[in-house]
Amino acid sequence: MLTGLVSSFRKELSNPFCVALDLPSWAEAVTLLSRIDPPPAVVKIGPMLYFRDGGQVGAWLLKTDLCVFLDFKWHDIPNTVSGSVDAIPGSSVRLLTVHAQGGKKMIGAARDAADTRGESGRGRPLVLAVTVLTHLDGVELGDLGIRDRREEVRRLGTLALESGADGLVMAPGDLEMARREWGQEPFIVTPGIRLPEATPLQNDDQVLAETPRKAIEKGADLLVIGRPVVKSPDPGKAWKQFMEYSSG
Ligand code: C5P
């Protein structure tokens, strides 16, 4: 399951933080990046930004030295997922996501396409699988036919790792189970990170939020922080607060 890639990627990270550039324009994304210090180890790009300013994002991907997480959560037939991984411009994308529910062949196709990129010198992104989205509450899980959320995470996580995923995306509350179940090898990314004083309202739609320090203690490799920083009136200050709550 584990490739030496995961351990060498861990060593490259200058800190355990990833900022989610969920912003409506590339200009705002650039401004945000200039305002947060120390720089995040990883910058996450998703459809919200890409479908506004995709041309500029694509041009940036070709030249940036930053480590990029492309979070499109692919869930499609293997041929389409494979072609999408192959189409990523440049070599700056080091992490990408697929849905574990896409199944064994789809995850394997993503992994094969990632391997082919690596072999041809275009960078080998780590393939991460999303198990159960962190915004889903009990009612919505029930609507989807999921009775035991934790068991679903365990089942889909095992399937993804056995199918070639290098790691998983999961809620902070599942981290301890994940490390018990799959050990230290998989690379684990955790969204839903909030400061201790965040009110339920400030948790947005993250029903399983956790502080940075606790998420790291529980075994997260990389913490994704979006709205608490990108929607803050003072993103630089908010970013520093997250850094401070990650240690000590
Ligand atoms: O804004 P917030 O800090 O909640 O950021 C969460 C980020 O992580 C968003 O970009 C979202 O797409 C992503 N994410 C998530 N839940 C998952 C996987 C990814 O919230 N299960």
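User: Which elements do the buried residues of H3 pack against?

Analyst: The buried residues of H3 pack against helix H2 (26-35), strand E2 (42-45), strand E3 (68-74) and strand E4 (93-99). Packing is read from contacts (heavy atoms within 4.5 Å). Helices (H or I, at least four residues) and strands (E, at least two) are DSSP runs, numbered from the N terminus. This is a predicted model, where local features need pLDDT of at least 70, side-chain atom pairs count only at pLDDT 80 or more, and totals for chains, interfaces and linings use all residues. Residues are numbered from 1 along each chain as its sequence is written, and side-chain values use heavy atoms, with hydrogens and water left out.

User: Which residues of H3 are buried?

Analyst: Buried means under 20% relative accessible area, exposed over 50%, partly exposed in between (1.4 Å probe, protein chains only). In H3, Leu49, Asp53, Gly54, Val57, Gly58, Trp60 and Leu61 are buried. An α-helix has 3.6 residues a turn, so residues three or four places apart point the same way.

User: How far apart are the end C-alpha atoms of H3?

Analyst: Compare with the expected span, 1.5 Å times one less than the number of residues. H3 (residues 47-63) has 17 residues, and a straight helix would reach 24 Å. Its ends are only 20 Å apart.

User: Where is the kink in H3 centred?

Analyst: A bend is the angle between axes fitted to the seven residues ending at a residue and the seven starting there. In H3 the kink is centred on Asp53, at about 105 degrees.

User: Is Arg124 buried or exposed?

Analyst: Arg124 is buried, because its relative accessible area is 11%. It lies in the loop between helix H5 (103-119) and strand E5 (126-130).

User: What does the side chain of Arg124 make a polar contact with?

Analyst: A polar contact is a pair of N or O atoms within 3.5 Å; within protein, one must be able to donate a hydrogen and the other to accept it, and residues adjacent in sequence count only if both atoms are side-chain atoms. The Arg124 side chain meets that of Asp166 at 2.9 Å. Another polar contact, 2.7 Å, joins it to the side chain of Asp115.

User: How far is an oxygen atom of the ligand from the side chain of Asp22?

Analyst: The distance is 2.6 Å, to an N or O atom of Asp22. For Arg227 the corresponding value is 2.7 Å. For a polar side-chain atom of Arg194, read 2.9 Å.
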